[in-house]
Amino acid sequence: MDNRFFSEYFSHLNEMNQSWWKDFQPQNTAFTSPLNQAFNDITLKDSKKWMESALSRPDSLAKVQMEWWEGQMNIWQGMLTFGKEPVPFISPEKDDKRFLDPAWNNEAFYSYIKQSYLLLSNKIQDQINGLDGVDEKAKERLSFFSRQALNALSPTNFLTTNPELVRLTIEQKGENLVKGMALLQKDIQSSADVLKISMTNDDAFHVGENIANTEGKIVFKNHLFELIQYKPLTKTVKATPLLIVPPFINKYYILDLREKNSMMRWLLQQGHSVFMISWRNPDASMRNIDFSDYMIDGVIKATEVVEDITKAKQINAAGYCIGGTLLAASQAYVAAKRLRNRIKTATYFTTLLDFAQPGEIGAYINDEMISAIEKSNAKLGYMDGRSLSVTFSLLRENSLYWNYYINNYLKGNSPIDFDLLYWNGDSTNVAEKCHSTLLRSLYLNNKLVDPKGIEVNGVYLDLTKIKVPSYFISTQEDHIALWQGTYRGALKLSGETTFVLGESGHIAGVVNHPEKVKYGYWVSDTLSDTPEAWLETGEHKVGSWWLHWNKWLQNKETENDIPALTFGSEANPVQGDAPGQYVLQTLPIMTEKISNI
């Protein structure tokens, strides 16, 4: 492995990428995209920087190369004594589930392949981590995309180098591959510009029947959203109603899956009057809808309707992910316009307000990539939700992408029945203009934390003007909204702020029903200057954060319970049953002939 190794490695990957697309595109024009060229260009530029840095420090490069050679020799020596000294030279990380088959440890051929692959992966990452003279953003992209490439080339992903697949194919006489090809063709037909692998059996779930079936009515509808008012499950309810603002890049029913894990049903059982926004799935007619439209015609309008129906002076509001960002921006707008504040308390589920630390999604955030995305979106009038879904899956590629690739296409297994994964695959588009605002104003330029950064209708959005009590719930293993980043956003508000850190990740850590007693949380009475300092003072609690949040809401309640509310009002009458029509909107299926498989 000489000084040309890394340059040749990335050139080879780029050639593979271009060759695959060249072969695939002529017969599947729906898969063509300027994103691919932008990805190629950025990868080559970053790899060039890598090589320039490496060659300027030949001692550092030589050290990594020597460590690689020594590691290879140790692996070879282990093979010569295989069976006598079973301890491998290098082993996978504890959370790496790719190499669980006994043959990876018990058979010399597969043990060698595994260890050589892991050694190469580690040394390439070591080389990137040791780069000098390369800006951190470029280094993060190199690390991320190198990991993507290395995990794509894992021996577990190929039939001839995966012992489990070899045995299975022999046992089934190749029938698994025939079934897998059929599943692949079906997935290609329902994908956009990148392959979206099915994670669950779509036929097992039906929105409004066995998921998203908490009883309620549609009490308002405009061009952006339908408002669901849920049927009370108690004779009396809290005086202050609760409005939930889900992300407009996902469908709302992640909070109302099945009865055993529905947050909506649980909140109703606790005596809350719950309203839920159900966003419309954008099409080309909505290309000019912007983030500010979701604020004014979305969140603020929903608070007006809830006030009219309940006659409450103020409401509790909660926003999930970008829905929380939208909720905060709406409050800042109300304050700047000196409008009457209808929000009594605000809760933020895994919400970024300060986008300086966006996590691994930041690998896609640069001007060149955003320009390519905008060019692609301009053809459709929206960001295709299927591509967005794959992007988030690739942030955890081994557990959310390649394992399904192996299970579906190489093992020939049909996906399992899993409500959460059904929701994950029920993609939602993002309007063209709004998506551009999200990428440029929030992620790239972090303008929301600048008091003069974002102007809407003649006023600036200043988060420091938000003075209502706020509750932040973030999760320790969140790879979409890093909790350290959400914590820094919580510090931007001026009101009383409670920060809670849950166990698990972006979805499982939030949808954490108390009956399961699965994940705990950390809480502290005070906010520290840094997230690390806060965690040192935080106290770990057993049980779901839902219980802590419900108590927090109760402590903010100043009025006695009232009789359960009826549906709608004279100004906002019932328009139909929940879950409504917007949530049922799905993305079109490709009809192009697929022959180049």
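Predicted model: local features only at pLDDT ≥ 70, side-chain atom pairs only at ≥ 80, totals over all residues.
Two strands pair if DSSP finds at least two bridges between them. The chain holds 19 helices and 17 strands, taken as DSSP runs (helices H or I, at least four residues; strands E, at least two) and numbered from the N terminus.

Local features need pLDDT of at least 70 and side-chain atom pairs 80 or more, while totals for chains, interfaces and linings use all residues. Residues are numbered from 1 along each chain as its sequence is written, and side-chain values use heavy atoms, without hydrogens and water.

**The sheet and its helices**
- Strands β6 (residues 315–320) and β7 (residues 343–349) pair in the parallel sense over six bridges.
- A317 stands opposite A346 in β7.

**Aromatic pairs**
- The whole structure has 34 aromatic pairs. Rings of Phe, Tyr and Trp (its six-membered ring) pair if their centres lie within 6.5 Å; planes under 30 degrees apart count as stacked, over 60 as edge-to-face and the rest as tilted.
- F205 and Y422 form a tilted pair, 5.5 Å centre to centre, with 45° between the planes.
- F205 lies in the loop between α8 and β1 and Y422 in helix α15, so their pair ties together parts 217 residues apart in sequence.
- Both F205 and Y422 are buried (under 20% relative accessible area; exposed is over 50%, partly exposed in between; 1.4 Å probe, protein chains only).
- Y405 and Y409 form an edge-to-face pair, because their ring centres are 5.6 Å apart and their planes stand at 85°.
- Both lie in helix α14 (residues 397–410), four residues apart, about one turn of the helix.
- Y405 is partly exposed at 23% relative accessibility, whereas Y409 is buried at 6%.
- Ring pairs link F220, F225, F248, W279, F291 and Y294 into a cluster.

**The chain overall**
- Buried residues make up 56% of the 597 residues.
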